[in-house]
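Please examine the structure shown here with the questions that follow.

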Amino acid sequence: MTSHAVGQLLLGLAVIIVLARVLGALARKVGQPPVVGEIIAGILIGPSIFGTLVSDRFFPADIRPALAGLANVGLVLFMFIVGYELDQSLVRGRQRIAVSVSIGSVLAPLGLGFALALWLAGRHGVTDVLPFALFIGAAMAVTAFPVLARIVADRGLIRTEVGGLALASAAVDDVIAWSLLAVVVAVGTADGGLPWQVLGVVPFLIVMFRWVRPALRRLAAARERAGRLTPDVLAVILIGLLVSCYLTEIMGLHAIFGAFVFGAVMPRAGGEALRHEILERLEQVSVLLLLPVFFVVAGLQVDLSTVDGGALLELGLILLVAIAGKFLGAYAGARLNRVGPRQAGALATLMNTRGLTEIVILSVGLQLAIIDRQIFSMMVVMALVTTVMAGPLLALIYPGRVVARDVARAERAALGEAEGFKVLVLVPGPTPTPAPGAAPLAPGSAPGSFGSAPGALGSAPGALGSAPGAGAVVELAVALIGARRPATLVLARLVPYPAAALEIGSGLTGGLLEMNRTMGELTDLAARVGGGVDVPVLARFTGDPGAELAGLVRSGRPDLVVGSGEVPHDGRSPVTVVTLTGPPPAAVREIIARFTGDTHADAVLRTAAQLASAYGVELVVDAGGRVSRSVAGTVRELRRQGLTVNLVASTAGGGPQVSVGDRGGPGPVGSGSALVVAAEAAQGAHIVVRTGSDGAPAQWMTGLRGPVDDRSEEEATQVTT
């Protein structure tokens with residue numbers, strides 16, 4: 001290139017970046033995906049509106065080959081991301097419905113598109129009709145997973161069954177559509193018969209999934225050892241990507257299929273951080289430069305200035321077949337699986353989004369001369385229309401009030417609707433690995449036994465430093481249920497929203513991976529709770545944990561909330577919140593109920609008594625120096641129920657704890673093998689549970705001095721003897 005051409009190229013790239021960012025931001029402001037603005041930017045630069053005035057000034061012929069090369073690199077990176085974002089965990093639990101919706105949303109537009117293409121072939125002088133008709137049908141059948149995922153997130157549908165089904169169906173649709181398109185491209189480039197290179201596709205796939213995928217897992221381990229994505233790791237990934245693209249290109253399948261396959265074999269399990277960091281790196285070059293260049297290169301091929309009455313008829317039929325075929329196919333697939341009419345309509349609307357994915361497919365068809373420029377232009381308009389209409393049509397079919405109703409219904413179902421005692425557990429993350437051979441938890445199966453030793457769920461002291469693990473919190477909740485039946489134990493985790501969504505791909509990779517990983521952990525944890533307890537699981541993205549917890553309490557109406565660390569409790573809810581503040585001892589030998597006066601005494605005593613009964617150990621009641629009549633009466637009642645209860649009192653001033661009355665002589669109250677139950681210095685019934693080696697009662701009860709009996713400690717103690 002001459003120096004003048006280099007200058008023109010640099011100026012053109014600057015113009016592309018400005019237009020893409022400005023029009024993308026405008027599209028976002030009017031509620032559309034940014035890709036809509038970027039597609040429009042490409043069309044504006046092309047000959048459709050301004051003729052060759054803009055394109056010749058900023059993008060002369062001598063720099064267009066360089067732009068085309070950059071656009072192809074952008075395509076390769078985008079298809080790598082599409083393959084990388086596909087995850088079988090998206091389909092977990094929804095396989096039957098997702099496959100049904102996907103097959104319907106592929107077959108209907110494929111068949112109608114094939115029939116329409118037979119008519120279009122005669123009008124456009126197509127000589128090789130079969131690949132042309134197959135290509136048009138395949139192009140009609142595509143769904144843009146990245147655009148769909150952004151719409152689902154932006155409209156809060158990720159918390160509804162419709163959102164989950166849409167993501168699962170789009171993931172299956174992508175696999176079917178891209179596989180179909182690969183066959184179409186192979187047929188289109190065959191010249192009457194499959195070339196010998198295509199025979200290498202099967203060995204290529206075997207090598208990629210059988211040997212390359214396990215080898216790539218080592219990259220995730222290398223990233224973990226380094227603590228970040230190193231240049232060496234990224235270089236290996238890019239080399240593998242480019243080689244994969246080269247192999248599919250020489251097989252006549254186009255480089256984008258190699259990129260898609262390489263993304264599909266990248267590690268998922270244990271590679272979440274690697275995936276997020278790779279997408280962060282690619283975002284900086286792909287979103288800002290390479291994909292906008294692709295839109296411009298595609299826009300230069302779109303010419304709507306010559307559209308006449310016949311072309312308008314063709315465009316109308318293309319829109320009708322694309323929209324109706326996709327909508328009716330997805331709707332029928334959903335209704336056959338008993339999805340409600342409104343929800344099925346919303347699902348079909350989401351499956352109609354095409355966006356950038358459609359433009360990629362059309363560009364491949366144009367490069368291979370399967371379609372001509374006019375068909376390409378009309379299909380680009382179809383892609384733009386189907387993407388733009390998704391948001392407004394979704395608001396009409398599935399308005400916010402219905403979304404809110406479905407979210408509330410889903411929360412009630414997730415929290416369990418059965419009658420009986422219900423405990424909501426806020427499970428911390430991540431879940432420690434269970435001890436090998438650990439038995440299921442079976443609350444109330446035998447005095448002092450949950451069906452497993454304490455710590456069987458990973459709650460051994462120090463397993464997670466000074467913080468209790470998920471297993472310890474669940475074990476505490478199981479103990480508090482005890483022998484109550486029927487009972488429901490809801491395992492919930494509040495997942496913070498990602499700080500900033502990536503612009504590349506769906507933008508939800510990190511969040512979706514975290515959510516799927518969380519649901520998998522909760523499901524595994526729930527499977528270990530036995531004893532006839534119903535154990536639903538629930539995971540929620542949240543920016544306000546306190547408000548989210550309040551909403552869960554309103555929806556599920558639990559009798560008890562159990563958590564660890566800082567539980568977001570506002571003190572106004574009538575439900576009792578029990579917090580485990582540290583790892584429990586390996587073997588619990590006593591439960592200590594610690595309080596002062598009557599303030600929170602009932603909640604503390606009830607919680608401590610349930611734990612003592614479940615563990616089969618004695619209950620020590622430490623009333624902080626004075627014992628009221630109500631406390632003494634509760635102690636008598638617990639003894640009549642067969643619980644071993646010792647009533648003690650602490651010396652004034654928070655000094656050493658001594659026995660009073662029936663404990664059997666002076667001695668310390670609490671040790672490393674005891675669990676202490678006390679009230680937190682906060683508004684509302686908020687109970688904390690920790691190991692016995694804590695401190696004096698004064699350290700727990702600052703500001704919670706309630707009315708006490710004015711008799712002496714000895715007199716009060718004699719009431720219970």
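Q: Does R223 count as buried, partly exposed or exposed, and what is its relative accessibility?
A: In this predicted model, R223 is found in helix α10, residues 201-226. A residue is buried when its relative accessible area is under 20%. R223 therefore counts as buried, with a relative accessibility of 10%.

Q: With which residues is R223 in contact, leaving aside its neighbours within four places in sequence?
A: Contact here requires heavy atoms within 4.5 Å. Once the neighbours within four places in sequence are left aside, the contacts of R223 are R228, L229, A273, L274 and E277.

Q: Which residues are joined with R223 into one network of salt bridges?
A: The side chain of R223 meets that of E224 in a salt bridge, at 3.2 Å from N to O. E224 counts as partly exposed because its relative accessibility is 45%. In the model, E637 and R640 also meet in a salt bridge, and these two are separated by about one helical turn in helix α23. Salt bridges that share partners join R223 into one network with E224 and E277.

Q: How many residues apart in sequence are the parts that E314 and R123 tie together?
A: A search of the whole structure finds 10 salt bridges, and one of them joins the side chains of E314 and R123 at 2.6 Å, N to O. E314 counts as buried at 4% relative accessibility, whereas R123 counts as partly exposed at 41%. E314 lies in helix α14 and R123 in helix α6, so the parts tied together are apart in sequence by 191 residues.

Q: Which residues have the most contacts inside the largest nonpolar core?
A: In soluble globular proteins, nonpolar side chains tend to be buried together. The largest nonpolar core in this model has 133 residues. Helix α9, residues 161-188, gives the most to this core, with 13 residues. The residues with the most contacts inside the core are F80, W178 and L274.

Q: Is the pair of F80 and F262 stacked, tilted or edge-to-face?
A: F80 is buried, with a relative accessible area of 1%, and F262 counts as buried at 3%. Planes under 30 degrees apart count as stacked and those over 60 as edge-to-face. The ring centres of F80 and F262 are 6.1 Å apart and the planes are at 35°, so the pair is tilted.

Q: Which residue lies over the face of F421?
A: A charge sits over a ring if, among other conditions, CZ of Arg is within 6 Å of the ring centre. At 4.1 Å from the ring centre of F421, the residue over its face is R484.

Q: How many of the residues of helix α15 are buried?
A: Helix α15 covers residues 341-351 and is mostly covered. Its buried residues include Q343, A344, G345 and M351. Of the 11 residues in helix α15, the number buried is nine.

Technical notes: Residues numbered from 1 in each chain as written. Predicted model: local features only at pLDDT ≥ 70, side-chain atom pairs only at ≥ 80, totals over all residues. Heavy atoms only, no water. Buried < 20%, exposed > 50% of the residue type's maximum accessible area, 1.4 Å probe, protein only. Helix = DSSP H or I, 4+ residues; strand = E, 2+ residues; numbered from the N terminus. Core = buried A, V, L, I, M, F, W, Y, C linked by side-chain atoms within 4.5 Å. Phe/Tyr/Trp six-rings, centres within 6.5 Å; stacked < 30°, edge-to-face > 60°. Lys NZ or Arg CZ within 6 Å of the ring centre and 35° of its normal. Salt bridge = Lys/Arg side-chain N within 4 Å of Asp/Glu carboxyl O.
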